Amino acid sequence: MTGVQTCALPIYMPSFDITNKIDFQLLDNSLNVARKEIQSRFDFRGSKSEIDFNKKDKLIHILTEDDMRMKSIIDVIRMRMAKQNLNPKILDEGKEIYASSNMVKKDIKIKEGIDGEAARKILKDIKESRIKVTAQKMDDIIRVQSKKIDDLQNIIAICRKKDYEIPIQFLNFR
């Protein structure tokens with residue numbers, strides 16, 4: 001008796017990940033260019049303006065003399081980020097703090113990953129689309145799976161049309 005053994009291959013469903021990844025090297029480059037631009041601008045001559053970047057805490061520290069210069073510095077940073085193809089939506093501006101001797105200080109947080117509120121909005125939009133996919137939040141990403149690749153492409157199109165107040169990328173499309 002010849003026994004034929006069949007090997008059950010695991011069935012992989014097509015999937016992709018929705019995430020918010022930041023290239024910190026590009027961000028650091030754009031901040032360096034912004035520092036150089038501020039040092040060479042006429043309206044900043046003789047002023048004490050500083051831009052510091054802390055990768056570990058994901059914070060940009062800005063220290064300058066008045067509100068007008070603070071707004072100018074933030075505009076320069078946003079412009080330089082756009083030239084490096086970084087979305088300025090990753091900046092989470094806090095309140096300005098008035099430091100000693102008429103100096104203005106501001107800490108800007110860098111938003112990386114998908115927070116709870118944005119994840120709920122994305123999952124809600126996927127569910128309301130009534131496309132047969134499964135979506136689940138895993139740490140700071142959302143994994144979307146389906147039997148059909150066309151359904152996944154439709155979900156990507158739906159998510160691109162919406163504004164979630166963070167830039168999103170679609171990775172690991174398999």
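Close-up 1. Asn54 has Leu59 of E3 as its bridge partner. This is a predicted model, in which local features need pLDDT of at least 70, side-chain atom pairs count only at pLDDT 80 or more, and totals for chains, interfaces and linings use all residues. Residues are numbered from 1 along each chain as its sequence is written, and side-chain values use heavy atoms, with hydrogens and water left out. Strands E2 (residues 50–54) and E3 (residues 59–64) run antiparallel and are joined by 5 bridges. Strands (E, at least two residues) and helices (H or I, at least four) are DSSP runs, numbered from the N terminus. Two strands pair if DSSP finds at least two bridges between them. E2 and E3 form a hairpin with 4 residues between them. In the turn, Lys58 has a positive phi of about 55°.

**Close-up 2. E3 against E6.** E3 also pairs with strand E6 (residues 104–110). The sense is antiparallel, over 6 bridges. His61 has Asp107 of E6 as its bridge partner.

**Close-up 3. Phe16 and Phe170, an edge-to-face pair.** A search of the whole structure finds 2 aromatic pairs. Phe16 and Phe170 form an edge-to-face pair, 5.9 Å centre to centre with 70° between the planes. Phe16 lies in strand E1 (residues 15–19) and Phe170 in strand E9 (residues 169–171), so the pair ties together parts 154 residues apart in sequence. Both Phe16 and Phe170 are buried. Rings of Phe, Tyr and Trp (its six-membered ring) pair if their centres lie within 6.5 Å; planes under 30 degrees apart count as stacked, over 60 as edge-to-face and the rest as tilted. Buried means under 20% relative accessible area, exposed over 50%, partly exposed in between (1.4 Å probe, protein chains only).

**Close-up 4. Phe24 and Phe53, a stacked pair.** Phe24 and Phe53 form a stacked aromatic pair, 6.3 Å centre to centre with 25° between the planes. The pair links distant parts of the chain: Phe24 is in helix H1 (residues 24–40), Phe53 in strand E2, 29 residues apart. Phe24 is buried at 17% relative accessibility. Phe53 is buried too, at 16%.

Close-up 5. Most residues other than glycine have a negative phi. Asp139, not a glycine, has a positive phi of about 55°. Asp139 sits in the loop between strands E7 (134–138) and E8 (141–145). With a relative accessible area of 73%, Asp139 is exposed. Glu165 has a positive phi near 65°. Its loop runs between helix H4 (149–161) and E9. Glu165 is partly exposed, at 48% relative accessibility.
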